[in-house]
Amino acid sequence: MRRNSARRSDGQSADTRRAAANRADIVAIGLNATDTLIRVPRFPAFDSKTKIMSSSLLPGGQAATAAVACRRWGLRSRYVGKIGDDAAGRLQREEFAREGVEAHLIEVPNCASQLAFIIVDQSTGERTILWQRDDRLDLRPEELQQEWIRGARLVHVDGHPCAPAAVAARWAREAGAVVTADLDNLYPGIEELLEHVDFMIGSRDFPERLLGTSDLFESLPEINRRFGCRVAGATLGRDGVLAWDGTQFHYCPAFRVTAVDTTGAGDVFHAGLAYSLLRGDTLPAILEFSCAAAGLNCTAPGARGGIRPVDEIEKLRREGARHERLYRDEELQHASVRAASSRAVGPRHSSSKK
């Protein structure tokens, strides 16, 4: 009898150890990239020559950078994605190990890793990205392992590609995790993915590409209604971020910083969103923290060059000067009432994928 009890105890202990080993605060699934950062005095005119001020090889990628930022802020961070069997792939592997991110990297033989050439305008800090990606780097749903996902408190996806992101998001929600998404374009399966997302903060143009309307006061509530996202929002660059939570709009203007390079600002914004959300902050505080983290990241070159400690981000959030507001409080209140009224009388739409 005691031997059977011991066996059960040992089995329970093994299950407990496996569960503990699978735990992570954030799992980020999607892109990694190796960036060649090229700094020029001003963006070159057509049919001209411009001297390069400097160039450097740095790691980047939407989901990968979010995972790294969250790890630097003390979270248990996991990344899932693909690399090629080349020097760029080795750089990604080495950087994840150096940062302390648990990386599940699927290496594709005879394939180049994703590369980006980023031209940074020294006078403004704005960047233009030229990229190259082999289709074989797309993660496939059957390559995902549930144990990578089910131990997470939050799963972050960038939709590259959508099919595995949707599978991971569904597993995450079934296990009680929160799902966040950083979306900037329409990809096959985007609607199915959105049905499993809690916090969708896309690029400024994404809602219009998805729904065909440029008015964020119309498109964000429609995303909420159609797909069931708890929060739907859009980052607005120097204008900050606008979000709809199902009952009202929340707006945070961007912080004034001396921009050196805007590469990775959106990636770090989403890392800030994940960190602040897991900390239990309110939505206005989450948006402020995310904007502050993104702003500081622009003060150094590279996608991860300006990831600052939490206390510096909090200091900017409390004391930092802001850009002029794009929306007045009265405008937000009026739009909230109008959107809430529309929600009350209008039926929830179904995705065409259902």
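This is a predicted model: local features need pLDDT of at least 70, side-chain atom pairs count only at pLDDT 80 or more; totals for chains, interfaces and linings use all residues.
**Helix H2**

Begin with residues 62-72, which form helix H2. Nine of its 11 residues are buried, so H2 is largely enclosed by the rest of the structure. Colour Gln62, Ala63, Ala64, Thr65, Ala66, Ala67, Val68, Ala69 and Cys70 to see the buried set. Then show what these residues pack against: strands S1, S3, S4 (77-84) and S8, together with helices H3 (87-99) and H9 (265-278). After the helix comes glycine 74, where phi is positive, near 100°.

**Two exposed loop residues**

Next, select aspartate 47, in the loop that links strand S2 (33-40) to strand S3 (54-60). This residue is not a glycine, yet its phi is positive, about 60°. Its relative accessibility is 74%, so aspartate 47 counts as exposed.

Move on to asparagine 110, which lies in the loop between strand S5 (102-108) and strand S6 (115-121). With a relative accessibility of 68%, asparagine 110 counts as exposed.

**Into helix H5**

Select histidine 160 and proline 161 and look at the peptide bond that joins them: it is cis, with omega near -10°. Proline 161 sits in the loop between S8 and H5.

Continue into helix H5, residues 162-174. From first C-alpha to last, its 13 residues reach 18 Å, close to the 18 Å expected at 1.5 Å a residue. Which residues of H5 are buried? They are Cys162, Pro164, Ala165, Ala166, Val167, Ala168, Ala169, Trp171 and Ala172. To see what covers them, display strands S1 (24-29), S8 (152-157) and S9 (178-181), as well as helices H4 (146-149) and H6 (190-194), which are among the covering elements. Just after H5, stop at glycine 176, which takes a positive phi of about 90°.

**Glycine 246**

Now go to glycine 246, in the loop between strand S12 (241-244) and strand S13 (249-252). Is this residue buried or exposed? Glycine 246 is buried, at a relative accessible area of 5%. Leaving aside residues up to four places away in sequence, glycine 246 touches Asn224, Arg230 and Arg343.

**Helices H10 and H11**

For the last stop, select residues 283-297 (H10) and residues 310-319 (H11). Take H10 on its own to begin with. This helix has 15 residues and reaches 21 Å between its first and last C-alpha, close to the 21 Å expected at 1.5 Å a residue. Of those 15 residues, 13 are buried, so H10 is largely enclosed by the rest of the structure.

Now bring H11 back. The axes of the two helices come within 9 Å and cross at roughly 110°. H10 and H11 are therefore roughly perpendicular to each other, and the crossing is right-handed. On the H10 side, show Ala285, Glu288, Phe289, Ala292, Ala293 and Leu296; on the H11 side, show Val310, Glu312, Ile313, Glu314, Leu316 and Arg317. These residues make the contact. By type, the contact has eight nonpolar residues, four charged and no polar.

Key:
Residues are numbered from 1 along each chain as its sequence is written. Side-chain values use heavy atoms; hydrogens and water are left out. Axes are lines fitted to C-alpha atoms, for helices over the stretch in contact, and angles run from 0 to 180 degrees between N-to-C directions. Helices (H or I, at least four residues) and strands (E, at least two) are DSSP runs, numbered from the N terminus. Angles under 35 degrees count as roughly parallel, over 145 as roughly antiparallel, 65 to 115 as roughly perpendicular and the rest as oblique. A crossing is left-handed if the near helix is turned anticlockwise from the far one by less than a right angle, and right-handed if clockwise. Contact means heavy atoms within 4.5 Å. Ala, Val, Leu, Ile, Met, Phe, Trp, Tyr, Cys and Pro count as nonpolar, Asp, Glu, Lys and Arg as charged, and the others, Gly among them, as polar. The expected span of a helix is 1.5 Å times one less than its number of residues. Buried means under 20% relative accessible area, exposed over 50%, partly exposed in between (1.4 Å probe, protein chains only).
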